[in-house]
Amino acid sequence: MNITRLVRLILVFAGLVMIPVDGWRLSASPAPQNGAQTAASQKTVQMRIAGMTCASCAKGLEASFRNLAGVVKVTVDYKAGQAVVTFDTGKQSAESLSRFVASCGYKVKETKVIC
């Protein structure tokens with residue numbers, strides 16, 4: 001066993017990297033060719049949210065949004081009591097995002113599609 005193969009095996013077993021062995025090739029999926037298609041399947045909503053008591057609430061809610069499938073961009077502002085979320089309409093809806101906020105223990109006062 002040569003040193004390169006040994007290093008590959010160590011890294012793979014350690015879970016640090018997946019390296020193709022024996023000529024397997026990895027290929028990335030092609031990037032979308034038309035930016036208009038990507039933007040067309042996205043919406044941005046502004047939500048007025050009640051129940052956040054500190055900046056940590058906003059940070060936690062923002063992090064939780066980022067874990068949702070289809071959420072592209074999110075900012076949560078504690079002082080303004082609002083969240084602005086850009087999402088893929090094929091994976092989420094404004095209603096599902098409102099239900100998510102409620103499941104986190106906050107109340108959505110108003111949801112407005114801004115683009």
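In this predicted model, helix α3, formed by residues 55-66, lies across β1 (42-50), β2 and β3, and runs at about 170° to β2. Helix α4, residues 94-103, lies across β1, β2, β3 and β4, with a direction at about 30° to β1. Read from the N terminus, the elements follow one another as α-α-β-α-β-β-α-β.

The strands come next. Strands of a sheet pair through backbone hydrogen bonds, in either a parallel or an antiparallel manner. Here, four strands make an open sheet with antiparallel pairing, in the order β2-β3-β1-β4. The edges are taken by β2 (71-77) and β4 (107-113); each has a single partner strand, so one side of each is left without a neighbour in the sheet. On average, and with direction ignored, neighbouring strands of this sheet are turned by 20° against each other. For a closer look at one pair, β2 and strand β3 (residues 82-88) run antiparallel and are joined by six bridges. Within this pairing, V76 has A83 of β3 as its bridge partner.

A few totals complete the picture. Of the 115 residues in the protein, 24% are buried. Among contacts with a separation of 6 or more, 59% come from residues 24 or more positions apart. The accessible surface of the protein comes to about 8100 Å², and carbon and sulfur atoms account for 56% of this area.

Terms used. Residues are numbered from 1 along each chain as its sequence is written. This is a predicted model: local features need pLDDT of at least 70, side-chain atom pairs count only at pLDDT 80 or more; totals for chains, interfaces and linings use all residues. Side-chain values use heavy atoms; hydrogens and water are left out. Helices (H or I, at least four residues) and strands (E, at least two) are DSSP runs, numbered from the N terminus. Buried means under 20% relative accessible area, exposed over 50%, partly exposed in between (1.4 Å probe, protein chains only). Contact means heavy atoms within 4.5 Å. Accessible areas come from the Shrake-Rupley method with a 1.4 Å probe; for residues, only the protein chains shown count as cover. Two strands pair if DSSP finds at least two bridges between them. Axes are lines fitted to C-alpha atoms, for helices over the stretch in contact, and angles run from 0 to 180 degrees between N-to-C directions.
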